[in-house]
Amino acid sequence: MFQVTRYFFYVSPRKETFCALETQSQEKFTKSSSKSPGQSLQMSLNIAANRPRTSILDKPLSRGKGEVSLSCFALLFSELVQYSQSRVYTVAELQNRLHELGQDVGVRIIDLYFVRERNSKRETKLINVLLFIKTTCWKCLFGREADKLEHANDDERTYYIIEKEPLVNKFISVPKDKGSLNCATFTAGIIEAVLTNCGFPCKVSAHWHKGTTYMVKFEDHVIARDKQLEEK
């Protein structure tokens, strides 16, 4: 008489799934390892090309982070002064030329800041636009705020922006025969262009006082308009 022994085999579904996944991963590894180094390099280049790149135009201006070294700026500005000096005969003409060059920079600052970062919205009150010059604009240009903003006691149209050590004068040596020269007139031109093209016509000049003082003198209708806005 024969005795029959039955054997029952049971395989867990989880184990089957694990085995299937392991088999698929091994196949993928085999396919990827079979590619040549040139193909792998091409895939890496394609991935890098598809990544979004952040350009300098996408970075906010209000942070005031310096992107240019001080030595490079000093060299460029000194060449600008020498170039202007070779085409004039007096100190007054040199300062006027630097002032005009600063105005060209100021116009571009308006386009860069108001159009790109503020959706073409500009300030309408006098004190707000002056604070914008002292803080945001100065940070954008020189990496820090101006030292002081003052209002003249004897003339309501006149304001003063004070900077103890202007960056544009840091590496400028003024000869004795040109003792009245202040290369910060370049910065004065920037301020005048920004304020005038924002709807606040004025004249800005640079003077040797408490370091360098920029005297901002607005036209009469600017003060009258500002008073009307305050009354509303």
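**View 1. The pairing of β3 with β4 in the predicted model.** Strands β3 and β4 run antiparallel and are joined by six bridges, in a structure that is a predicted model throughout. Within this pair, Cys 202 stands opposite Phe 218 of β4. The two strands form a hairpin with four residues between them, and Lys 210, which lies in the turn, has a positive phi of about 55°. Of the seven residues of β4, five are buried, so this strand is largely enclosed by the rest of the structure.

**View 2. The open sheet and its strand order.** Four strands make up an open sheet with antiparallel pairing, and their order across the sheet is β1-β2-β4-β3. At the edges lie β1 (148-151) and β3 (202-207), each of which pairs on one side only. On average, and with direction ignored, neighbouring strands of this sheet are turned by 20° against each other. Helix α6 (residues 185-197) packs on the sheet, where it touches β2, β3 and β4 (212-218), and the direction of α6 makes about 160° with that of β3. As a general point, strands of a sheet pair through backbone hydrogen bonds, and the pairing may be either parallel or antiparallel.

**View 3. Strand β2 and its two partners.** Four bridges join β2 (residues 158-163) to β1 in an antiparallel arrangement, and in this pair Leu 149 stands opposite Ile 161 of β2. The pairing of β2 with β4 is likewise antiparallel and extends over six bridges, with Thr 158 standing opposite Lys 217 of β4.

**View 4. Helix α7 and its buried side.** Helix α7, which comprises 12 residues (220-231), reaches 17 Å from its first C-alpha to its last, a value close to the 16 Å expected at 1.5 Å a residue. Its buried residues are Val 222, Ile 223 and Asp 226; because these cover an arc of only 95° around the axis, they are placed on the same side of α7. The buried residues of α7 pack against helix α5 (126-142) and against strand β4, whereas Asp 220, Gln 228 and Glu 231, on the other side of α7, are exposed.

View 5. The buried residues of α3 are Ala 74, Phe 77, Ser 78, Val 81 and Ser 84. Seen down the axis of α3, these buried residues fall within an arc of 125° and therefore line one face of the helix. On the other side of α3, Ser 71, Leu 75 and Leu 76 are exposed, although two of these three residues are leucines.

View 6. A search of the whole structure finds zero disulfides. Cys 137 is in no disulfide, and the nearest cysteine sulfur, that of Cys 140, is 6.3 Å away; a pair of cysteine sulfur atoms would have to lie within 2.5 Å to be counted as a disulfide. With a relative accessibility of 4%, Cys 137 counts as buried, because the cut-off for that class is under 20%. Cys 72, by contrast, has a relative accessibility of 46% and therefore counts as partly exposed.

How values were computed:
Residues numbered from 1 in each chain as written. Predicted model: local features only at pLDDT ≥ 70, side-chain atom pairs only at ≥ 80, totals over all residues. Heavy atoms only, no water. Buried < 20%, exposed > 50% of the residue type's maximum accessible area, 1.4 Å probe, protein only. Arc of directions from axis to C-beta. Pairing = 2+ DSSP bridges. Axes fitted to C-alpha atoms, helices over the stretch in contact; angles between N-to-C directions. Contact = heavy atoms within 4.5 Å. Expected span 1.5 Å × (residues − 1).
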